[in-house]
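Let's take a walk through a protein together. Have a look at the model below, and then we'll pick it apart piece by piece.

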Amino acid sequence: MSAGPVPAHRAEGVSAAWERLSGARRVILTTHLNPDGDGVGTQAALLGLVGAAGGRATVVNPGPPPAGLRFLLADAPAVLDPRDAEAAERCREADLLVVVDTGARQRIGRVGRLVGHLPALVIDHHPAGGRDGFGGQLLADATAAATGEIVFDLVTHAGGPWSPGVVDGLYIAIMTDTGSFRFSNTSARVHRIAAELVERGADPARLWRNVYGRVPLRRIRLLEAVLPTLELSDDGTVAWMTVPREAFRELGCTTDDLEGLVDYPRGLDGVEVALLFREIRRGRVKVSLRSTGAVDVNRVASALGGGGHVKASGVFAEGALDAVRERVLALVSAATRATATGGSVR
């Protein structure tokens, strides 16, 4: 099965991006803080694409990917920490920066100070309001289910390569950002793309197992600590949980262990918005927001300085945990009421 041609509205941008990418000889690939399946998967695909075009790509990310995704970059020529001297040297020598799955400079963390001199190609599927700080060329489409869908079109336009690294990376990018093909962004074309990738060698069972099928015991212990914090709004439309700071620290957890926690309140009958709060340090709180229906949580996150997607967003909020939680819940409640009445969030 073929996914068909590159969509007409994306074709010109894909062609221009390929012209820029194929002409580069030394490329730096980066993505956002806390790299996820879409960011790392598209990097794996771009490593193959750049290499096939005769270039050299180096991955320099603001942090390591989760354990279940590291195999995607195992064969990369170089995966460097931005604090390493070699990373700084590679960035000085490069002629193109490719940023995937974000267009906001602050979201690439300490990588930003190494790449400010480079022309940039940004490949992203987030709403335009979340992009700032990069000049250069933009290949973006918020209608795409994942950045991996856009990079799939880029590889298709280039005529391959369809090597195992490219195929696995694209499959995981799309699988993770569609919630294993169960979120509302799972279009008919997404299924056709997945089918083509399977025909080209992607093994759905193996790839799902690598990403989701193996969890350390501490993750289950963390879930035990988090579930008792579950709370519901009076009308049952908003549910939230809070990660106990002491349990997170004592169990030796990492951000990988938070994967999927917000799905527990999101799965409750009648819930329209689910939230997960985690105090990173005193005075700074990470908030994950998920929508199950019509509420645009990206607007809520943007009002607090964060962003993401209509149905999945996040923000790092300054303030004490209780104060942040109160502020976020007030905004979410307002958004839920406004959606129900056809109004807008103030």
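Predicted model: local features only at pLDDT ≥ 70, side-chain atom pairs only at ≥ 80, totals over all residues.

Strand β1 (residues 26–30), helix α2 (residues 37–52) and strand β2 (residues 56–60) make a right-handed β-α-β unit. So how do the two strands of this unit pair? β1 and β2 run in the parallel sense, with four bridges between them. To find one spot where they meet, look for Val-27, whose bridge partner in β2 is Ala-57.

β1 has another partner as well. It pairs with strand β4 (residues 96–100), again in the parallel sense and over four bridges. Here you can look for Thr-30, which has Val-99 as its bridge partner in β4. And is β1 itself buried or exposed? Four of its five residues are buried, so the rest of the structure largely encloses this strand.

Let's turn to charges. Side chains of opposite charge can pair when their charged atoms come close. In this model, the count of salt bridges comes to 19.

Arg-10 sits in helix α1 (residues 8–22), while Asp-141 is in the loop between β6 (137–140) and α5 (147–158), so to speak a link between distant parts of the chain, 131 residues apart. Both of these residues are buried.

Arg-10 also forms a salt bridge with Glu-149, where the closest N and O atoms are 3.3 Å apart. Since Arg-10 belongs to helix α1 and Glu-149 to helix α5, this pair ties together parts that are 139 residues apart in sequence. Why does Arg-10 count as buried? Its relative accessibility is 4%, and buried means under 20%. Glu-149 is buried too, at 5%. Step back and you'll find a network of salt bridges linking Arg-10, Asp-141, Glu-149, Asp-153 and Arg-189.

For our last stop, find Arg-182 and Asp-263, a salt bridge whose closest N and O atoms are 3.6 Å apart. This pair also links distant parts of the chain, 81 residues apart: Arg-182 is in the loop between α6 (164–177) and α7 (188–199), and Asp-263 is in helix α11 (residues 263–266). Arg-182 is exposed, with a relative accessible area of 53%, whereas Asp-263 is partly exposed at 29%.

How values were computed
Residues numbered from 1 in each chain as written. Heavy atoms only, no water. Buried < 20%, exposed > 50% of the residue type's maximum accessible area, 1.4 Å probe, protein only. Pairing = 2+ DSSP bridges. Right-handed = clockwise from strand over helix to strand, strands pointing away. Salt bridge = Lys/Arg side-chain N within 4 Å of Asp/Glu carboxyl O.
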